Amino acid sequence: MTAFNAVRFRVKPGRDEEFIEAHRRVDRDWPGLRNVNLIKTGDHAYCIIGEWDDMDSLAAARSHMISTLDSFRDTLEELDDGNVTDPVSGPVVVELTPQSIASEMKLPA
């Protein structure tokens with residue numbers, strides 16, 4: 001079953017472009033990785049969201065993700081809990097598409 005991971009970051013002032021460029025340079029040819037998006041959520045605040053074939057693929061890539069983090073860790077500020085990342089992950093339990101939402105609500109597709 002498809003899985004996702006999301007990681008929240010806060011970047012040190014003046015280091016945003018370095019942080020973004022580090023993500024552009026990452027070798028992303030990891031088995032099971034379907035898609036990754038880095039989104040800006042506020043001033044110096046970002047979240048990366050990865051889509052995976054399944055939880056096993058995601059778990060197998062954790063060492064790659066940690067190595068990647070280590071390549072730009074110095075650009076990050078500590079979050080409220082003292083860590084530089086706030087990661088979460090899990091399997092998809094409900095997939096909602098425009099088609100499925102319209103169908104459930106009895107709306108025209």
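Visitor: Which residues do ring pairs link into a cluster here?

Guide: In this predicted model, Phe9, Phe19, Tyr46 and Phe72 are linked into a cluster by ring pairs. A search of the whole structure turns up 5 aromatic pairs.

Visitor: How are the rings of Phe19 and Tyr46 placed?

Guide: The ring centres of Phe19 and Tyr46 are 5.0 Å apart and the planes stand at 45 degrees, so this pair counts as tilted. Phe19 belongs to helix α1 (residues 16–25) and Tyr46 to strand β3, so the pair ties together parts that are 27 residues apart in sequence.

Visitor: And are those two buried or exposed?

Guide: Phe19 counts as buried because its relative accessibility is 0%, and Tyr46 is buried as well, with a relative accessible area of 3%.

Visitor: What about Phe19 and Phe72, what kind of pair do they form?

Guide: Phe19 and Phe72 form an edge-to-face pair, with 5.3 Å from centre to centre and 85 degrees between the planes. That pair links distant parts of the chain, since Phe19 sits in helix α1 and Phe72 in helix α3 (residues 62–72), 53 residues apart. Both Phe19 and Phe72 are buried.

Visitor: Staying with α3, which of its residues are buried?

Guide: Thr68, Leu69 and Phe72 are buried in α3. They span an arc of only 100 degrees around the axis, and therefore lie on the same side of α3.

Visitor: Why would residues a few places apart point the same way?

Guide: An α-helix has 3.6 residues a turn, so residues three or four places apart point the same way.

Visitor: OK, what covers the buried residues of α3?

Guide: The cover over the buried residues of α3 includes β1 and α1.

Visitor: What does the side chain of Thr75 reach?

Guide: The Thr75 side chain reaches the backbone oxygen of Phe72 at 2.7 Å, and Phe72 is one of the residues in the ring cluster.

Visitor: Which residues is Thr75 in contact with, leaving aside its neighbours within four places in sequence?

Guide: With those neighbours left aside, Thr75 is in contact with Arg10, Val11, Lys12, Arg15, Glu18 and Phe19.

Visitor: Which strands do bridges join to β3?

Guide: Strand β1 (residues 3–10) runs antiparallel to β3 and is joined to it by 8 bridges, and strand β2 (residues 33–42) is also antiparallel to β3, again with 8 bridges. To pick out particular positions, Arg10 has Ala45 of β3 as its bridge partner, while Asn35 stands opposite Glu51 in β3.

Visitor: How many residues are between β2 and β3?

Guide: The hairpin formed by β2 and β3 has 2 residues between the strands, and His44, which is in the turn, has a positive phi of about 60 degrees.

Visitor: I see a glycine in β3, Gly50. Is it buried or exposed?

Guide: Gly50, whose place is in strand β3, is buried, with a relative accessible area of 4%. Leaving aside neighbours within four places in sequence, Gly50 is in contact with Ala3, Phe4, Asn5, Asn35 and Val36.

Visitor: Zooming out, what pattern does the protein chain follow?

Guide: The protein chain has 4 helices and 4 strands, and read along the sequence they follow the pattern β-α-β-β-α-α-β-α. Its C-alpha atoms fill a box of roughly 50 × 30 × 25 Å along the principal axes.

Visitor: And how many residues count as buried, as a percentage?

Guide: Of the 109 residues in the protein chain, 33% count as buried. The accessible surface comes to about 7,200 Å², with 53% of it belonging to carbon and sulfur atoms. As for contacts between residues at least 6 apart in sequence, 68% join residues at least 24 apart.

Key: Residues numbered from 1 in each chain as written. Predicted model: local features only at pLDDT ≥ 70, side-chain atom pairs only at ≥ 80, totals over all residues. Heavy atoms only, no water. Pairing = 2+ DSSP bridges. Phe/Tyr/Trp six-rings, centres within 6.5 Å; stacked < 30°, edge-to-face > 60°. Buried < 20%, exposed > 50% of the residue type's maximum accessible area, 1.4 Å probe, protein only. Arc of directions from axis to C-beta. Contact = heavy atoms within 4.5 Å. Polar contact = N/O pair within 3.5 Å; in protein donor to acceptor, adjacent residues only side chain to side chain. Areas by Shrake-Rupley, 256 points an atom, 1.4 Å probe, with all protein chains shown as cover.
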